[in-house]
Every structure is written in structure tokens, then in C-alpha cells.
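Please open the model in a viewer and keep the selection panel at hand.

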Amino acid sequence: MEKIAVVGMACRYPGANNIDDFWQNLIDGKETISFFTNDVLSRTEYNYEELKKNTKYVPARGILEGVDMFDANFFGFSPSEAANTDPQHRIWLETVWDAFENAGCDPFCYKGAIGVFAGGYINTYLLNNILRDPEKMENYIRLRTTESFQVMTGNDIAYLPTKTAYKFNLKGPAINVQTACSTSLVAISQACQSLFSFESDMCIAGGICVSVPQETGYIYQEGAIPSPDGHCRPFDAKANGTVFSNGVGVVVLKRLEDAIADRDNIYAVVDGWALNNDGNKKVSYTAPSIDGQAEAILMAQSFNEISPENISYIEAHGTGTNLGDPIEVAALTKAFSRSTSKKQFCGIGSLKSNIGHTDAAAGVASFMKICLAAYHRIIPKTLHFESPNPHIDFANSPFYVVDKNIEWNRDEKLIMGVSSFGIGGTNAHIIIEEPPRNVKLSLNTNRNYIIPLSAKTSSALDKRIKNFIDFCKDHQEYNLDDLLYTLWNGRNHMKHRATAIIPLGVKNVTDGVQFERGSVDEKNSSLAFLFPGQGAQFFKMGYELYRSNDRYKSLVNHGCDILKNEVQIDLIELLFESDNQELANEKLAETSITQPALFIVEYSLAKLLTENNIIPKYLIGHSIGEYAAACIAGVFDYDTALRIVIKRGQLMQQMKPGKMFAALSNKDKLLEISDSMFEIAAENAPNSCTISFETENYDMVCKILDSNEIAWIPLNTSHAYHSKSFDPMLNEFAEYVNQFYLSSPAIPVISCYTGVFLTADQATSGNYWANQLRNTVKFYNGIKTILDKESVLFVEVGPNTHLNSILRVIPEFENKKAVVTTLGRPENVSEPLYLEKIVGNIWSRMDFDIMPFVGDFLDAKKVVLPNYPFERERHWIEYKVQKNNRPHIQCSNVINTQINDVAVLKNEDELIKIWAESMGLKEINSDDNFFDIGGSSLLALSISERIEKKFNVPCNLRIFLEYPTIASFVSYIERVHLSIKENAKDTEVKESKIIWGEI
């Protein structure tokens with residue numbers, strides 16, 4: 001029969017904020033029930049003066065930390081929506097995300113169907129906090145307002161699974177489960193069944209119970225469920241009840257064969273599960289039934305034909321009540337005795353002795369306990385057991401109470417069962433076994449590593465980096481392949497990103513690792529390669545990459561061989577091996593050598609990137625850089641392009657020498673004052689040009705620029721490029737180019753001669769390439785051509801960072817960080833990790849399929865890494881009972897500003913106020929999208945009436961969809977007002993009716 005693997009877990013229980021704390025508390029035998037002081041209770045119990053006189057009042061409960069805190073931004077909630085949402089919904093969502101990360105699964109990229117089976121407790125926050133206002137209560141009961149519908153979907157526990165599916169884009173069944181105390185174990189059973197039937201490929205299952213206010217006690221009544229002293233003593237002679245607690249638990253399940261194939265970390269394996277109900281053959285509706293429980297246990301054992309003699313431990317429902325414990329042991333004994341007469345071979349216990357009874361979250365807590373026990377091969381003890389309950393005959397049963405930790409050192413497989421029984425008679429029993437043990441260990445491969453980390457905010461990324469480094473320092477036994485496989489394949493890659501390169505041979509991540517950060521702009525969905533021109537070259541450009549990357553080395557060597565055959569120049573020696581750096585740089589500055597050298601380096605680097613899945617959508621080169629661009633686009637083959645570049649450099653070297661300046665001025669002004677003394681060689685930016693002139697005009701050009709207060713910098717060039725100095729060579733060069741077969745560009749190339757896209761006729765014409773070297777480089781126009789099409793991430797493919805510097809002063813280039821440089825100066829780089837750094841930098845700034853470059857990590861498996869560092873803030877509706885018993889409502893972290901009745905001069909300011917008040921945001925910008933900052937269809941409907949009343953314009957959901965920003969909405973308002981003034985018959989606004997069933 002099909003088995004189910006437990007591949008992820010997350011929880012929050014009293015005294016435990018995560019799964020590690022939960023397990024450590026069990027191993028340490030901690031009881032984590034809180035006992036409240038008079039000071040605390042006087043603030044939370046409305047009648048505490050009376051209660052404290054009652055000798056049966058027990059000031060105890062298991063509580064969670066920070067139930068009022070929530071990372072609203074992470075889940076796309078506005079502050080007001082968060083404050084009006086049940087903490088059970090909020091904490092559940094955070095815990096589900098923790099479980100996904102614990103399992104090494106990104107739900108947004110998972111290809112199969114993920115199901116959700118979950119349930120929770122009655123919503124006390126709704127009753128205790130939100131609906132204290134009588135008017136709000138009446139509106140809610142009658143659903144008279146859209147806000148009431150929002151409150152309902154944000155608080156009714158029935159919406160918990162579907163909200164989970166919506167927030168995480170889950171396509172499997174999303175089922176609400178409610179069977180009282182057995183809710184979460186029933187949810188796990190239902191999830192197993194969904195996987196067993198192939199309805200789902202992965203499932204989230206569990207439950208939550210958060211009752212507020214947390215710091216409240218209860219009144220003990222003999223015979224009732226609660227304990228007289230706030231302690232739960234399962235199976236003990238002093239057992240007299242349980243204590244209620246808050247908690248949440250989530251598990252991630254897969255079919256075992258899928259989990260093994262995906263190399264998941266497996267905590268335990270589910271062997272069988274069963275559900276039933278007692279019916280009415282028992283004392284009362286709330287009473288348990290021996291027959292019903294026994295039948296469920298037998299059904300679970302028979303699922304995979306598990307013999308009771310092979311089961312070594314039962315995690316019992318174990319509420320520690322006079323009635324419940326004896327019936328549970330009797331039911332277990334009845335089930336086990338069907339096939340064995342052995343006595344006291346199976347341990348029994350209950351974690352309610354540690355954390356109390358967490359109602360809808362109880363079954364999953366017990367399930368996680370035995371999964372962790374199976375994983376670690378340690379069975380934690382049950383607390384407060386001194387002598388057995390006299391109504392339980394342990395000596396003649398298969399069971400004994402585990403009152404101390406048991407380390408499982410036996411050869412046989414550890415198999416355990418877990419029970420959960422709900423008021424009303426729904427019984428659940430599940431059998432698990434320890435996970436398959438991997439004999440083969442993953443090996444550290446001979447490679448460099450890119451470590452990816454990401455978060456939704458920059459500050460959360462800071463925490464994530466620190467947590468990761470601290471984790472690696474504390475867990476040096478982890479293999480880097482396992483860490484990298486988990487990070488690349490088991491994490492959602494969010495907007496704010498950081499990468500670090502771990503060099504070959506390094507075994508562990510340490511404090512010395514340096515993360516380089518970036519931020520993904522959703523607008524930058526494409527790449528543009530920039531190829532620099534003459535002047536970018538330097539001695540040893542690309543040396544580290546040449547030394548460390550065989551493919552790059554072979555591309556460079558091939559070009560250098562052609563150059564050596566054509567002009568007898570050993571470029572390898574000149575670039576990398578010269579003993580005289582100054583002399584080498586002087587030689588590299590010669591046009592006949594510079595141009596082929598730049599082309600070889602730029603093309604080889606670009607080819608290396610494209611072969612590693614870094615594919616540009618646009619190509620643009622600065623002067624000689626356009627040849628590398630055209631070659632990547634398929635206009636030339638490599639050999640042809642290099643021969644043309646060599647010829648170009650030779651002819652240009654023979655032309656009359658000249659001078660060039662960088663001038664900080666716009667093109668038009670320079671043309672006005674040139675007086676034929678200079679020509680504009682390149683327009684790089686609105687106020688950045690280069691000019692060329694004859695050497696004898698040097699003094700006059702300086703005088704012209706100075707008199708017009710134009711700053712200038714001399715450039716280290718031998719010729720006056722892109723000027724009339726090169727007219728004598730144009731015909732010869734055009735004829736030379738025309739002898740080769742050239743093709744249309746397969747990738748769009750922006751011409752630096754025209755500033756627009758290179759056409760097929762131009763690309764294949766020798767005359768074009770002659771004009772391209774003679775006329776002004778229109779780099780600024782070329783960049784605008786790209787930006788007019790779309791926002792892109794620019795990658796400067798070549799030595800130095802010249803074009804990067806130019807880009808940053810172009811006003812149309814709004815995101816100044818959307819640029820990546822490739823080769824830097826050798827003195828700034830200490831490791832041969834160029835390619836990894838380039839790829840990592842690109843990934844940290846845009847989404848692309850990096851996996852072909854990262855690799856498959858074939859020997860690796862998923863491991864448990866630190867979870868997301870949520871940035872929680874307080875979102876809570878407070879109330880204070882006044883003397884007249886009318887509650888005083890306060891919303892924490894929600895703006896309670898009132899719209900000023902005085903007319904506001906600007907519609908924009910007034911609309912911002914309405915949005916801010918309705919959404920609880922402290923700041924809204926005019927270009928913020930309503931739906932991106934937490935707005936929803938329900939909220940739009942809720943505030944439409946206010947907008948209609950304030951601005952006298954029709955407003956509905958369609959209007960919000962069409963005009964989602966403040967700026968666009970204001971333009972809509974103004975157009976409507978204009979139409980009204982002109983008595984237009986058609987205002988271009990058609991009202992649409994929206995009913996809740998259509999939302």
C-alpha cells in the first residue's frame with residue numbers, strides 16, 4: 001500500500017515559538033503552562049475582584065507569545081485588514097509558510113496540486129474585540145455592510161483553508177475540518193487520504209487554537225474537564241482533568257516515493273490512518289466510547305497490516321480525566337488484544353502533561369511529537385506520572401507509561417501510533433514509522449557555489465543573512481551541496497536578494513563570506529547587453545576569468561590565434577604575460593591592437609553568458625563594441641567579425657592623429673559653439689558628450705569650452721575618432737566588409753550610428769559599417785530606444801565600468817541599480833570567481849532561469865534551514881470596559897484620522913486621506929496601486945460610497961480596476977467633473993452592479 005512521508009513541520013505552542021523549541025521542551029521535560037499574577041488578571045478578567053475570592057478559580061493557561069503581532073506586508077494585508085482579522089488566521093498563515101520552508105518547498109513553483117486540510121477554534125477575538133461596538137455587531141449579524149463581509153471572511157474559521165490556498169496559490173482541495181478536539185489529527189488523516197487517492201501531490205494539514213484574551217483562568221468543577229490546579233497528569237492516580245492552551249501546528253505531507261524522488265528531508269512515514277464516530281452507543285454525546293476508539297485503532301493497524309506487537313509507543317489523547325484515560329487505555333487494550341496477549345511491551349504517554357490541551361491544535365501536536373521521536377529515535381517522557389490511575393489495569397494490558405526519555409537503540413524499526421478523540425465522537429488514529437535512513441552521504445563536489453538568500457524587505461534580508469551565517473557556524477556538519485540544493489530548490493525567491501560566492505575547496509560558510517545585494521524590479525523582465533568601446537581596455541583585462549574558466553579561455557585563445565595569423569601579434573603575451581605593465585598598456589592603446597583585443601574579450605564574455613542561460617533581448621555597443629553586439633546577434637560569425645575588426649583597426653591606425661575631450665554639455669550647445677574647431681564624436685547622455693578635433697586646434701578648443709563655462713577632461717587617445725579624420729579610409733573599409741557574407745540580426749541590435757534598431761539592410765552593408773566608424777556615436781539615443789520599449793536590466797559586457805557610469809546620469813534610466821558590470825580591475829578582485837559573481841548579480845536583480853547554471857546537485861538532499869524572519873508589528877483592536885460597561889475601542893497600528901469636512905483644495909490630497917483611513921496606512925503615494933498596497937475588491941466596495949459622496953462621481957469596483965492609482969483616479973474625477981460642467985450626455989462612466997457572489 002502507498003505510504004505517506006512527513007517532509008515538513010512548523011508550530012507554535014506554549015513555551016515554543018518553533019519546532020526546535022517544541023522538541024527541546026519535550027526532551028527536557030518542561031511544563032509550559034503559565035500561571036497568572038493578580039496584576040495581569042486585573043487587566044484581563046472583567047470581574048476579577050469577584051473571581052479572586054473564589055477558591056476554585058484556577059489562574060492557569062497555556063499561552064502563545066505575540067498573538068497580537070503579524071507581518072501584514074509579507075502576506076499582502078493592509079494594517080486595517082490585519083487588525084480586523086482573527087489572530088488564528090494570521091498565525092496560521094505564518095506557520096504554514098514556516099512549514100513550507102521547513103519542507104524545502106516553494107508553493108508558488110511547485111508543479112503538483114497542493115491540498116489544505118485545516119481547522120481551528122471558535123473565534124473569540126471576533127466576539128471579544130471586534131464586535132464589542134453594538135453597531136458593528138448589528139451590522140455583522142445582518143451583513144449590512146461590505147465591511148461586515150470582510151470581517152466575516154477574515155474571522156470565520158471556515159475560511160482558513162481557502163484563504164491559505166489563495167495566499168499561496170495552492171490548486172489542490174482546500175477543506176475546512178471541524179471535529180472538536182480531534183480536528184487536526186482528522187485533518188492529517190484526510191490529507192493522507194487525498195494523497196493516497198492522487199487527488200493531491202502534497203498536502204498541508206493541521207489546526208490552530210487561539211482564544212483571547214489569553215491571560216484568563218477558569219473555575220474548576222468536579223467531574224468537568226479542567227484540572228483543579230492547572231496541571232495535567234495523564235494516567236496518574238492524581239489525574240483529575242486537563243488545562244486548556246493555545247497552539248498551532250502544521251505538517252507537510254507527500255507520497256513517500258515522491259518525497260524520496262525529490263530528495264526531501266523525511267521526518268517520519270505514515271503507515272496507516274483511520275477515522276470513525278462513536279454513534280450513540282455511549283453514556284452521552286460528550287462521553288468517549290471504548291468500542292468506537294478501539295475500532296478506529298484496528299482500522300489504522302490493518303491499513304498496512306501492522307501487527308500491534310511491532311508498535312512500541314502510543315501517543316494517547318491523554319487528557320488526564322477520570323473518565324477519559326481509563327476508557328482510552330481500555331480501547332487500546334481491546335484493539336491490541338485482538339492479535340496479541342503480550343503484556344507491557346508498548347509505551348504510552350501524552351504531551352498534554354507538557355503543554356495542556358490545545359483543542360483543534362492538539363492532534364497535530366501529538367502527531368509532530370511522535371514524528372520527531374521517530375526522526376531522533378528518542379521517545380520523550382510524560383510528566384507528572386507517579387503512580388497509575390487505579391481504574392487502569394496496566395499490569396494486564398500491553399501498555400506502560402513512559403515516565404522517562406527512552407533512547408531507541410534497537411535494530412528493529414521504531415513504529416508508533418497516535419490517537420485523538422473529539423467531543424461528539426469523531427475518533428482518529430494514525431500509525432507512523434521512522435524514516436528511511438540514507439546510507440549514502442552527499443559529497444562536496446569540485447565547484448564554486450552561489451549562495452542565494454532573499455526576503456520581501458531589505459531589513460528582513462539583513463536578518464536572513466545573519467541567521468544563515470549563524471546557522472552555518474553552529475551546524476558545520478552540513479554539506480554545502482545540501483545547503484545549496486535546499487536554497488535553490490526549496491525557497492521562494494523574493495524581491496530583495498543577496499548572493500555570496502563560496503570558492504572551490506571551502507567546506508563551510510563563515511563570518512568572512514561577503515553577500516552582494518540587489519533588488520528585483522518586476523518591470524525589468526529582459527536583459528540588454530552593453531559593449532564598451534575604445535578606452536575601456538587595460539592590461540590583464542579578463543585575466544582571472546581566463547585563468548579559471550576553460551570555456552572562456554578557449555574562446556579567447558581562438559581569437560588570439562586568428563589575430564596572430566593575421567598580424568603576427570601575440571595578444572595572450574601582451575594581455576597577460578608581459579613583465580612591463582606600462583609598456584603593455586601603451587601597446588594596448590594602439591588602435592590596431594585595442595580594437596581586436598576589446599572585441600575578443602567582449603565577444604568571449606558574452607558568448608560565455610549566453611551559453612549559461614544569460615540571454616539578452618537587446619544588444620547595444622559603443623563604437624567598436626557594436627561589432628561584439630552584431631556578432632552575438634548573428635550578423636557575423638566570430639572569425640569574420642574578428643577579421644573585419646582587425647582591418648578596421650589597421651586602417652584607423654594609419655589615419656591622421658588627433659585629440660578628444662569629454663565635455664560636460666549637451667549636444668546642441670556644443671554644436672552652436674564648435675565654430676568648425678571640433679566635431680561631436682559621441683552623445684552619451686543629455687549633458688555628456690565627447691568631442692574630436694585636430695591636434696593643431698587644441699588651444700582654440702580649450703578656449704572655446706572655457707569661455708562657455710563647459711567643463712572638459714582630456715582623453716588618452718591617439719586619434720580624433722568619429723570625425724572627418726577618417727574620411728580617407730571609408731571606401732576601402734566598406735569594400736573590404738562587402739566581400740564577406742553578412743546576415744540579418746537574430747537579436748535586436750541598437751545601432752550607435754542611428755540610435756535606433758539596426759535593420760537587415762544596414763547590417764549587411766559595408767557602407768553602413770563605414771558610416772558607423774565615421775559619424776557621431778548616438779549612445780544616448782540608443783539607450784532611449786531600449787527604454788521606450790521596456791524597462792530592462794543592463795549588463796555591461798566588457799572591461800571596466802565606463803558605460804555603467806554613463807547610464808547612471810541618463811534621466812530616462814530611472815532605476816539606477818538596474819545595471820550589472822562584468823569584468824573589473826584585477827586589483828579589485830581577489831578570487832577567480834568572475835562568472836559566478838556575474839550570474840549571481842544578475843539573479844539578484846531580475847528573475848531568470850538560473851538553474852542550468854547552478855546545476856542539479858545530484859548527490860544532495862534537502863536539509864532544514866532557518867525559516868523566514870517575519871517582521872511582525874502589532875495589529876490589534878483593543879477594548880477597555882468603561883464604568884458604564886460600554887467598551888472603548890482602539891485599533892493598534894491603524895490610522896484613525898477623520899476626513900476633514902473643510903473642502904480640500906486638491907482632489908489628490910482628499911483621496912489619499914480616504915484611502916489611508918480605510919486601509920490603515922500611514923503613507924500613500926500618488927502612484928501606489930490600490931491592489932498592490934493591500935486593497936481588495938471588498939475594500940473597494942466598502943469605500944466607494946464615501947468617494948461617491950465626497951466627489952460626486954460614480955464609483956464601483958470596475959472604476960478601481962480601471963484607475964488603480966491615486967493619480968489615475970484623480971484624472972477620472974476631473975474628467976467626470978468636466979463632463980458635468982459641459983452638461984455632457986455621456987460621461988463615459990457606466991455603473992456596474994457587483995454582488996458578493998461575483999467577487
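This is a predicted model: local features need pLDDT of at least 70, side-chain atom pairs count only at pLDDT 80 or more; totals for chains, interfaces and linings use all residues.

A crossing of two helices is called right-handed if the near helix is turned clockwise from the far one by less than a right angle, and left-handed if it is turned anticlockwise.

**The whole chain**

Colouring by secondary structure brings out 37 helices and 33 strands. Of the 999 residues, 57% count as buried. Among contacts between residues at least 6 apart in sequence, 78% join residues at least 24 apart.

**First helix pair: α27 and α29**

Select residues 730–738, which form helix α27, and residues 766–774, which form helix α29; their axes come within 7 Å and cross at roughly 135°. The crossing of α27 and α29 is right-handed.

Now show the side chains at the contact. Helix α27 contributes Leu730, Phe733, Ala734, Val737 and Asn738, while α29 contributes Gly766, Asn767, Trp769, Ala770, Leu773 and Arg774. By type, the residues of this contact comprise seven nonpolar, three polar and one charged.

Move to residues 591–611 (helix α22) and residues 638–653 (helix α24). Here the axes lie 7 Å apart and the helices pack at an angle of about 155°. Which term describes the orientation of α22 to α24? The angle makes α22 roughly antiparallel to α24, since the cut-off for that class is over 145 degrees. The crossing of α22 and α24 is also right-handed.

On the α22 side, the contact is made by Thr591, Ser592, Gln595, Pro596, Phe599, Ile600, Tyr603 and Ser604. The residues supplied by α24 include Tyr638, Ala641, Leu642, Val645, Ile646 and Arg648. The contact of α22 with α24 divides into ten nonpolar residues, seven polar and one charged.

**The buried residues of α30**

Select residues 779–789, helix α30, and highlight its buried residues: Phe779, Tyr780, Gly782, Ile783, Thr785, Ile786 and Leu787. What do the buried residues of α30 pack against? Their partners are the strands β22 (526–531), β23 (618–621), β25 (679–685), β28 (749–750) and β29 (792–799), together with helix α31 (802–807).

**Salt bridges**

Side chains of opposite charge can pair when their charged atoms come close. The structure holds 45 salt bridges, and three of them are visited here.

Select arginine 464 and glutamate 101, whose side chains meet in a salt bridge at 2.7 Å, N to O. The pair links distant parts of the chain, with arginine 464 in helix α16 (residues 458–474) and glutamate 101 in helix α5 (residues 87–103), 363 residues apart. Are these two residues buried or exposed? Arginine 464 is buried, with a relative accessible area of 6%, and glutamate 101 is buried at 1%.

Continue to glutamate 433 and lysine 413, which form a salt bridge at 3.1 Å, N to O. Glutamate 433 belongs to strand β18 (residues 426–433) and lysine 413 to the loop between β16 (406–407) and β17 (415–421), so this pair ties together parts that are 20 residues apart in sequence. Glutamate 433 counts as buried at 8% relative accessibility, whereas lysine 413 counts as partly exposed at 41%.

Next, select arginine 547 and glutamate 544, joined by a salt bridge at 2.6 Å, N to O. Both lie in helix α18 (residues 543–548), three residues apart, about one turn of the helix. Glutamate 544 is buried, with a relative accessible area of 13%.

**Last stop: asparagine 929**

Select asparagine 929 in the loop between α34 (907–919) and α35 (937–951). At 22% relative accessibility, asparagine 929 counts as partly exposed, because the cut-off for buried is under 20%. Leaving aside residues up to four places away in sequence, asparagine 929 touches Pro964 and Thr965. To finish, display the C-alpha to C-alpha distance from asparagine 929 to alanine 274: these residues are 49 Å apart in space and 655 residues apart in sequence.

Terms used
Residues are numbered from 1 along each chain as its sequence is written. Side-chain values use heavy atoms; hydrogens and water are left out. A salt bridge is a side-chain nitrogen of Lys or Arg within 4 Å of a carboxyl oxygen of Asp or Glu. Helices (H or I, at least four residues) and strands (E, at least two) are DSSP runs, numbered from the N terminus. Buried means under 20% relative accessible area, exposed over 50%, partly exposed in between (1.4 Å probe, protein chains only). Axes are lines fitted to C-alpha atoms, for helices over the stretch in contact, and angles run from 0 to 180 degrees between N-to-C directions. Contact means heavy atoms within 4.5 Å. Ala, Val, Leu, Ile, Met, Phe, Trp, Tyr, Cys and Pro count as nonpolar, Asp, Glu, Lys and Arg as charged, and the others, Gly among them, as polar. Angles under 35 degrees count as roughly parallel, over 145 as roughly antiparallel, 65 to 115 as roughly perpendicular and the rest as oblique.
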